[in-house]
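Hi,

Here is the structure I promised to pass along.

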Amino acid sequence: MFEYVIILGQEIYKILFLLIPILVSVAMIVWLDRRVWGLVQKRKGPNVVGPFGLLQTLADALKYIFKEIIIPSSANKAVFILAPIVTMTLALVAWAVIPMSEDFVLSDINVGVLYLFAVSSLGVYGIIMGGWASNSKYPFLGAIRSAAQMVSYEVSIGIIIINVLLCVGSLNLKDIVLAQSELWYVIPLFPMFVIFFISALAETNRPPFDLPEAEAELVAGYQTEYSGMMYAMFWLGEYANILLMCAIGSILFLGGWLPIIDIYPVNLIPAPIWMTFKILFLFFLFALIKAIVPRYRYDQLMRLGWKIFLPFSLIYLVLTASFLFYFDKLPKGNF
Amino acid sequence: MLAHSIFFYFFSVIAIFSSLMVITSRNTVNSVFFLILDFISVGCLFIMVGAEFLGMIILIVYVGAVAVLFLFVVMMLNVAEQKQSWFIGKKATHIPIGLIVSILILLELLVVVGGWKYKDDLMSSSTLNLSNISNTHQLGLVMYTDYILYFQLAGVILLLSMIGAILLTFRQRKGVKKQSYFNQISRNPSSSIELIEVENNKGVKIDD
């Protein structure tokens, strides 16, 4: 019995060691996002609180904590409170399988990619629950839009993942990264990388696909009725999801923790730093796109997902499979 | 083994409780939420017995896609509160149909489990060495070789049902204006903007 307690303690220690850096980096990433957004528009962005405004997010979080939580009287209270919790939990739970280096991972499971895909497809529930439980027009419309959008773009993300899996022959994230030690998949699968990036924007409700919270039409979408800490949880979950998508992108296409070239001075830099660097690079692209691209119309969004990305990624899948088969490069596995 | 059984009972209790709540809860949307909880705990049970691929596929397909559409339909139908009790009153006519369906399902389950019981060589008939390769590899090896016909047939059936659903809901309406994306994107200022010098007190005729 006692050894279980010890194992439990160790696991909790590991989980905290993973979660606290993620929460801190989410706070920093919000600052980076606003800063890039400001610089693109020739503003300064947040630069008052702390050095370079780095503590701005902490100040915001403090403000949210001390604000009153308002629950609308006609809302379904249980679901209303549950929705931000679901969003944030799902965003954090997925980090359990993200490998920061060859042995720096919380749980190295065989079906890592499927796990990530499953968790990111569950993410829609937080939004749809929040929108429905608010019992108000705008949140409901926002939730419906976002559910349709996320389900549509998941389909093309799934096919892109299959493209990568065909080249690797394993669902394990570590194997996927190690298979790229000679050539990052961003080179042979470049069109898939572009489509993955755009689908990730749609999946995380980022501009130009932020229709669920399009402020001109829907006030703030599914978050309209939320205030205080519950709004902050939605917000944290959203940014943790964006970071997660960047991490998935860097694992699938940018070679995870592998250095750019495996020669002497470059490969001295430790693996987690490479991984962080790649995540930050993808996030920088996310932030730039938020600043420079105008919002899509809803029918354009749906058309892009179903009529362009889905057929194109299917065709590319067939091409990849035939190429691998013709040149006898299909991964044989270890059996 | 202790931790294993604790987790097993934890997930099974949640699964049974939530499946009961699916049929007893008054609020239809809550029913769907409990259905989702049920799917998740069944997926966790699959992962616990070592069928990790199946568990994840349940999470992706049922929870991530099917249940979202369920939720969609239930929310849109505006039947949130079930005013009428299921068992009392005039509208209790669906009880016999429900009973027939559930008895049929029970019989089918009995046949399946019975067939399994009497065919001991089901597990040993496979030519694969099942011990040292991962779950996903095993499934792939069997599904695309021995059972390729069934696999393809299942795909064709799904495709047919999709086409059927589209055909049932598709109707061509007259007088609907459509947008041509190509024309919208390829517009340029010279073809759509015209500068006109308006003379005083004379007005301009546009759209001719």
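Predicted model: local features only at pLDDT ≥ 70, side-chain atom pairs only at ≥ 80, totals over all residues.

**The interface**

Chain B and chain A bury about 2600 Å² between them, and carbon and sulfur atoms give 77% of that area. On the chain B side 29 residues take part, against 31 residues from chain A. Polar links across this contact come to three residue pairs, counting pairs with both residues at pLDDT 80 or more. Salt bridges between the two chains number zero.

Which parts of chain B touch chain A? Helix 1 (2-24), helix 2 (28-48), helix 3 (52-77), helix 6 (135-143) and helix 8 (181-185) of chain B each give two or more residues. Helix 3 of chain B has the largest share, with 13 residues. Sorted by class, that side of chain B holds 20 nonpolar, eight polar and one charged residues.

**Chain B itself**

The secondary structure of chain B is nine helices and zero strands. Chain B has 208 residues, and 18% of them are buried. If you look at contacts within chain B between residues at least 6 apart in sequence, 49% join residues at least 24 apart.

B:Ser134 sits in the loop between helix 5 (121-124) and helix 6 of chain B. B:Ser134 counts as partly exposed because its relative accessibility is 22%.

**The core, and a buried glutamine**

The largest nonpolar core has 118 residues, and A:Ile98, A:Tyr125, A:Ile176 and A:Phe253 touch the most other members. Helix 10 (residues 228-252) of chain A gives the largest share of this core, 16 residues. Beyond its neighbours within four places in sequence, A:Ile98 is in contact with several residues, including A:Phe104, A:Leu116, A:Leu244, A:Ile251 and A:Met275.

You will find A:Gln180 in the loop between helix 7 (173-178) and helix 8 (190-203) of chain A. Is A:Gln180 buried or exposed? A:Gln180 is buried, since its relative accessible area is 0%. A polar atom of the A:Gln180 side chain lies 2.8 Å from the backbone oxygen of A:Ile251, and the side chain also reaches the backbone oxygen of A:Leu252 at 3.3 Å. Setting aside residues within four places in sequence, the contacts of A:Gln180 include A:Tyr185, A:Phe253 and A:Leu258.

**Salt bridges**

Over all chains the count is seven salt bridges.

- A:Glu11 pairs with A:Lys14, with the closest N and O atoms 3.5 Å apart. Both lie in helix 1 (residues 2-40) of chain A, three residues apart, about one turn of the helix. A:Glu11 is partly exposed at 35%, and A:Lys14 is partly exposed at 40%.
- A:Asp60 pairs with A:Arg34 at 3.1 Å between the closest N and O atoms. This pair links distant parts of the chain, 26 residues apart, with A:Asp60 in helix 2 (residues 56-66) and A:Arg34 in helix 1 of chain A. A:Asp60 is buried at 13% relative accessible area, whereas A:Arg34 is partly exposed at 32%.
- A:Asp299 pairs with A:Arg297, the closest N and O atoms being 3.0 Å apart.

Finally, A:Asp33, A:Arg206 and A:Lys290 are joined into one network by salt bridges that share partners.

Cheers

Note on methods
Residues numbered from 1 in each chain as written. Chains lettered and ligands numbered in written order. Heavy atoms only, no water. Contact = heavy atoms within 4.5 Å. Buried area = accessible area lost by both parts, 1.4 Å probe. Salt bridge = Lys/Arg side-chain N within 4 Å of Asp/Glu carboxyl O. Polar contact = N/O pair within 3.5 Å; in protein donor to acceptor, adjacent residues only side chain to side chain. Helix = DSSP H or I, 4+ residues; strand = E, 2+ residues; numbered from the N terminus. Nonpolar A, V, L, I, M, F, W, Y, C, P; charged D, E, K, R; others polar. Core = buried A, V, L, I, M, F, W, Y, C linked by side-chain atoms within 4.5 Å. Buried < 20%, exposed > 50% of the residue type's maximum accessible area, 1.4 Å probe, protein only.
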